[in-house]
Amino acid sequence: MSERRIGIVMNGVTGRMGLRQHLERSIVAIREQGGIQAADGTMIIPDPILVGRNELKLRRIAETYGLSRWTTDVAEALAEPDVEIYFDSQLTQLREKGVRAAVEAGKAIYCEKPIADSLEAAVDLARLVRDSGLKNGVVQDKLSLPGLRKLKRLVDGGFFGKILSVRGEFGYWVFEGDWQEAQRPSWNYKSEEGGGIIVDMFCHWRYVLDQIFGEVKSVYCQGATHLPARWDEQGNEYAATADDAAYGVFELEGGIVAQLNSSWTTRVFRDELVEFQVDGTEGSAVAGLRNCRVQHRSATPKPVWNPDIPATENFREQWATVPDNETFDNGFKVQWEMFLRHIVDDAPWSWDFVEGVKGVQLAELGLQSWREGRKLEVPALDLGAK
Ligand SMILES: NC(=O)c1ccc[n+]([C@@H]2O[C@H](COP(=O)([O-])OP(=O)(O)OC[C@H]3O[C@@H](n4cnc5c(N)ncnc54)[C@H](O)[C@@H]3O)[C@@H](O)[C@H]2O)c1
């Protein structure tokens, strides 16, 4: 069987997302399964060049995964003749420079969200990428989570009737870093380094809401920096300048009201780290990362409020589990495979930089809403003529 090797510059591969999700769980996994099949039967084999700042880390990662190419010089990597894709999972603030270099080099671009650290920069970048005619994409991994795939299946199948509301809880306790090491990098808690839960999570909420329930029309956001001090990777105390919780209310197309709480300062009393409850006229669902449960109107109990007696029903037991009915692969890998097919076969791909801009737009409006204490409309995006 013939092979088509695709060189991919992977910049930021020493980071959390770059290493675990994009390299190990996606690119290495695709290589280990023998590649993916293109429309003409050719096997597409991704061939990464690891790029980062630390030679030692890069060499170790390359050895661990049996890879041979790595460099600290992104220009050198982009100049390799077999390179077709530039991938970026660096710190958000560095993304723009990397993407611009890739456009200059004429490579297709795939990157983590947010695509830039301001709406203005994101629009500029999307315009540049569009005008270059290069293929481009932004990670929208939550759409490939089994729980959300099942939720989408329910929406598409008409299970809910008219959807009334969506309530989402995302979060867990991120340790301060003093008496127990923090499980997320310190830049996430510094606004001057591109951190903050609004910037981080509203990019996700935009595509989840837009693509599963209906376009986001307005946002009201109350942010908070609940913990003003944290301790960094070196054990030094620093001022946590970025928001670590966001309480958002979004109006969607069709009158749906979505309320989403995002927090790194909450302790989990849920089945999964993110859960969405969707209530509709015909039925309701609760979906997490992997599982999804439903209750149809025909099976809805009729509770009567009486605080004088213990609960008479076990409400959780009254829900039915939505079966998998398919095999769910890692969400990041699924999207890599789609993007590779988009490159090779021109297969449909809708998660481009314009979608990436929408995420940054909602994050920026969320921050503005918090600052000004008011609800804001989400205007249609206009990138202007080519
Ligand atoms: N899709 C998702 O669910 C998801 C989740 C978390 C993070 N992200 C995004 O992925 C990107 C990376 O996040 P992460 O959690 O992997 O961060 P991380 O701190 O673990 O990794 C950051 C990467 O950037 C590189 N880098 C280059 N210059 C740097 C500098 N001056 N300071 C610090 N790092 C520098 C690091 O070497 C590292 O490879 C961010 O843009 C973030 O928004 C996406």
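UniProt positions are given in the numbering used here, feature names are shortened, and annotations may be inferred rather than shown by experiment. I am working from a predicted model.

Annotated span. I looked up the UniProt record, an unreviewed entry, and it lists residues 51-134 as "domain: Gfo/Idh/MocA-like oxidoreductase N-terminal". In the model I found that span to be 50% helix and 15% strand, with its end C-alpha atoms 21 Å apart.

Domains. I then checked how the chain is divided: domain 1 takes 3-141 + 330-351, and domain 2 takes 143-321. Their C-alpha centres lie 29 Å apart. The contact uses 12 residues from domain 1 and 10 residues from domain 2. On the domain 1 side, I noted α4 (92-104) and α8 (331-345) as the elements that give two or more residues. The largest share of that side is from α8, with three residues. Sorted by class, the side of domain 1 that touches domain 2 holds three nonpolar, five polar and four charged residues.

Ligand shell. Which residues come nearest to the ligand? Of the 21 residues around the ligand, I recorded Gly 15, Arg 16, Met 17, Glu 112 and Pro 185 as the nearest. By class I listed seven nonpolar, eight polar and six charged residues in the shell. Domain 1 and domain 2 each contribute at least three residues to the shell around the ligand.

Note on methods. Residues numbered from 1 in each chain as written. Predicted model: local features only at pLDDT ≥ 70, side-chain atom pairs only at ≥ 80, totals over all residues. Helix = DSSP H or I, 4+ residues; strand = E, 2+ residues; numbered from the N terminus. Domains from an automatic or database assignment. Contact = placed C-beta atoms within 7 Å. Nonpolar A, V, L, I, M, F, W, Y, C, P; charged D, E, K, R; others polar. Near = placed C-beta within 6 Å.
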